[in-house]
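Have the sequence and the 3D view side by side.

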Amino acid sequence: MSIRLSIIIPVYNVAPYLRQCLQSLLQQGLDDYEVILVNDASHDNSRGICSEWCSEHPTFRLLNNSQNMGLSATRNRGIDEARGELLTFVDSDDFLADGTLKAATEAMESDVDAVVYPVMENHLTKNASLWKPGEARLDFARWMREDGFRHCYAVNKVYRRTLWQGIRFPENQFYCEDMVTIPLVMQKARQIRCIDTGIYYYCRRNGSITSQLNKEKLRNYVEALLTIMKFPESASDIELYIAARNAEISYHRMGGTEQMVARQTIPWRYILSSGLTLRQRAKALYLKFK
């Protein structure tokens, strides 16, 4: 049987959450798919759970890293092993609403190379919020203007595998690797289709990579934002500049010394824009005169 969709799941020490993730994949309404579990030398029972599921479900297969390689290298191995026409990523401590991937793959029409669907951000916290991209077809320039650095997760998207030719996640970066990779992938898409069907539950848990903020992660975040700013489609995005300066200030408060973000004058027309929240306006004023 031909494989339309390859679902790549990096696995590392997620035994308490892994079964919920895998069970959600069985409820996607798919027939022509494979699940590639890449165990990154877990030292809990994650490998045993993966083996159990692969023995029970022929569409699941397990790859084991001989040593811990990190998220980027683990995802890259999954990409190299994928056989499907389409690719998607699911983190092993997250899960999907029923039928999400069926809707996303059905939205992949002949001239569409990537599909973006809703994500429940910070699930399991008091700050949880559902983001919907809206029903639209975008070119890369519009995607960067409207969504580029805000929701450039590797997850909550289905891609044509051809978009990944010559592109892999950076294996020397351990935070914000999505932000420096996904724009490069999306840049190759003829059209990006956004749908409001389905939900990716992006879980925020104590001990997860994204919940542990430190100086090195802040530096990686600033560097990722600066990478996005190099794209002509986003170079004039003042909100992106404010995000980078804000992160740089936090980095300095943690002991960082480098000046990474080039200073620029923020136009008064932006500060006076009716579309800004009070907090954004205050931040813009602060950075204009700092």
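Two strands count as paired if DSSP finds at least two bridges between them. Strands of a sheet pair through backbone hydrogen bonds, either parallel or antiparallel. Keep in mind that this is a predicted model.

Start at strand E1, residues 5-11. Is E1 enclosed or open to the outside? Seven of its seven residues are buried, so the strand is largely enclosed by the rest of the structure. Here buried means under 20% relative accessible area. Leu-5, Ile-7, Ile-9 and Val-11 point one way from E1. Ser-6, Ile-8 and Pro-10 point the other way. Both sets are buried.

Now look at the partners of E1. Strand E2, residues 33-39, pairs with E1 in the parallel sense over seven bridges. Within that pairing, Ile-9 has Leu-37 of E2 as its bridge partner. How does the chain get from E1 to E2? It passes through helix H1, residues 15-25, and this β-α-β crossover is right-handed. E1 also pairs with strand E4, residues 86-89. That pairing is parallel too, with four bridges. Leu-5 finds its bridge partner in Leu-86 of E4.

Next comes an open sheet of four strands. Their order is E5-E12-E7-E8, and the pairing is mixed. Which strands form the edges? They are E5 (95-96) and E8 (129-131), and each pairs on one side only. E8 runs antiparallel to strand E7, residues 119-123, and three bridges join them. Met-120 has its bridge partner in E8, at Leu-130.

Move on to helix H8, residues 238-253. Its 16 residues reach 23 Å from first C-alpha to last, close to the 22 Å expected at 1.5 Å a residue. An α-helix has 3.6 residues a turn, so residues three or four places apart point the same way. After H8 comes Gly-255, with a positive phi near 110°.

Last, the cysteines. How many disulfides does the structure hold? It holds zero. A disulfide is a covalent bond between the sulfur atoms of two cysteines. The test used here asks for sulfur atoms within 2.5 Å. Cys-21 is buried at 0% relative accessibility, and Cys-194 is buried at 5%.

Conventions. Residues numbered from 1 in each chain as written. Predicted model: local features only at pLDDT ≥ 70, side-chain atom pairs only at ≥ 80, totals over all residues. Heavy atoms only, no water. Buried < 20%, exposed > 50% of the residue type's maximum accessible area, 1.4 Å probe, protein only. Helix = DSSP H or I, 4+ residues; strand = E, 2+ residues; numbered from the N terminus. Expected span 1.5 Å × (residues − 1). Right-handed = clockwise from strand over helix to strand, strands pointing away.
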